[in-house]
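Here are a couple of exercises to work through with the model open beside you. Grab a viewer and follow along.

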Amino acid sequence: MELLKASDLVKSFGSKNAVNGINFDIEEGRCVALLGPNGAGKTTTLKMLSGLLEPTSGSIDFKGEKAKDLRQFIGYLPQYPTFFNWMSGKEFLVFAGQLAKLNRKEAEKRSEELLERVGLTNAKKRKIGGYSGGMKQRLGLAQALIHRPKLLILDEPVSALDPLGRREVLDMMREIKEETTILFSTHVLHDAEEISDDILIINAGKIVISGSLGNVMEEYRQPILQIEFESLATDWLKSIASYSFVSEVNIQGNKASIVLKDMVYGKQALLRDIADRKLPIRKFEISQTTLEDLFMKVVKA
Ligand SMILES: Nc1ncnc2c1ncn2[C@@H]1O[C@H](COP(=O)(O)OP(=O)(O)OP(=O)(O)O)[C@@H](O)[C@H]1O
Ligand SMILES: [Mg+2]
């Protein structure tokens, strides 16, 4: 069932269209990654869905109805959340609960539940100012969940964290996605590959690719040849781009990934060529393009 539908959403700042007419659906129960490079329009999109920014044009439907005030249905964790460092974790959640219109008693009860859920029970009385980045982000998640939203929107929830903090928050998101629909933005492809069901790739304010992670990979995946040399073989690598069976050569130092039109013939021909020229080969491997390759391709295009 469709939870949210964005139709022809546009947001302009002066003459610039930060979001330039995007359309997408979010199905209930899915974990959706909004992927895109810096400045693509991720935060602007998420702020419109959360009601923090008024779209210049277009519409947002929630469960098939035109949305007016979505705040009760949506939990939002901003890209750069601010906390009151002098409050304790528990005080902050109770405060957030009351802002979300829970009464004091409900806010207390829900705060305790969520502190437990995000692993902060032991730290609940400590001042937020003394929390680590990962702890703050987990508190932010608890804050966004305080009123049991139908959709949890997280703007770059792990980008600013160290590997340990990232792991904590990703694991938490994996648990939350069992019961709440999640839309999160990231420019870290690995995170999208790890926990999302669906992906939306946005570039320069437009959605360039969307679908389930599996389908997108299936559709865009290509076999590629990865070659690595002991030393630079740039001249040869540049020269093979003119071969009729080669469609693309991406050179990075003494490595290259090569997209072939005909893998069976191409790999034989290249191997022969390498042997004839006695090039100092270290690795010759056939693999598949990754989400990262796809991302680089659409972002550069
Ligand atoms: N309040 C604003 N006024 C003017 N321009 C803005 C404003 N907010 C965003 N923009 C511009 O809109 C574009 C999209 O910005 P946005 O913050 O949505 O990108 P993003 O994908 O979230 O990037 P990042 O990965 O850096 O967070 C950028 O070019 C940005 O400079
Ligand atoms: Mg952003």
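A polar contact here is a pair of N or O atoms within 3.5 Å; within protein, one must be able to donate a hydrogen and the other to accept it, and residues adjacent in sequence count only if both atoms are side-chain atoms. This is a predicted model, where local features need pLDDT of at least 70 and side-chain atom pairs count only at pLDDT 80 or more, while totals for chains, interfaces and linings use all residues. Residues are numbered from 1 along each chain, chains are lettered from A and ligands numbered from 1 in the order written, and side-chain values use heavy atoms, without hydrogens and water.

**Exercise 1.** Find the side chains that hold polar contacts with oxygen atoms of ligand 1.

*Solution.* 
- Start with K42: a side-chain N or O atom sits 2.8 Å from an oxygen atom of ligand 1.
- Go on to T43, with a polar side-chain atom 2.8 Å from a ligand 1 oxygen.
- Finish with K16, where the distance is 3.3 Å.

**Exercise 2.** Which protein atoms are donors of the magnesium ion (ligand 2)?

*Solution.* 
- Look for donors, meaning N, O and S atoms within 2.8 Å of the metal (3.2 Å for Na, K and Ca); water is not among the atoms, so sites may look incomplete.
- You get T43 (OG1) and Q79 (OE1), 1.9 to 2.2 Å from the ion.
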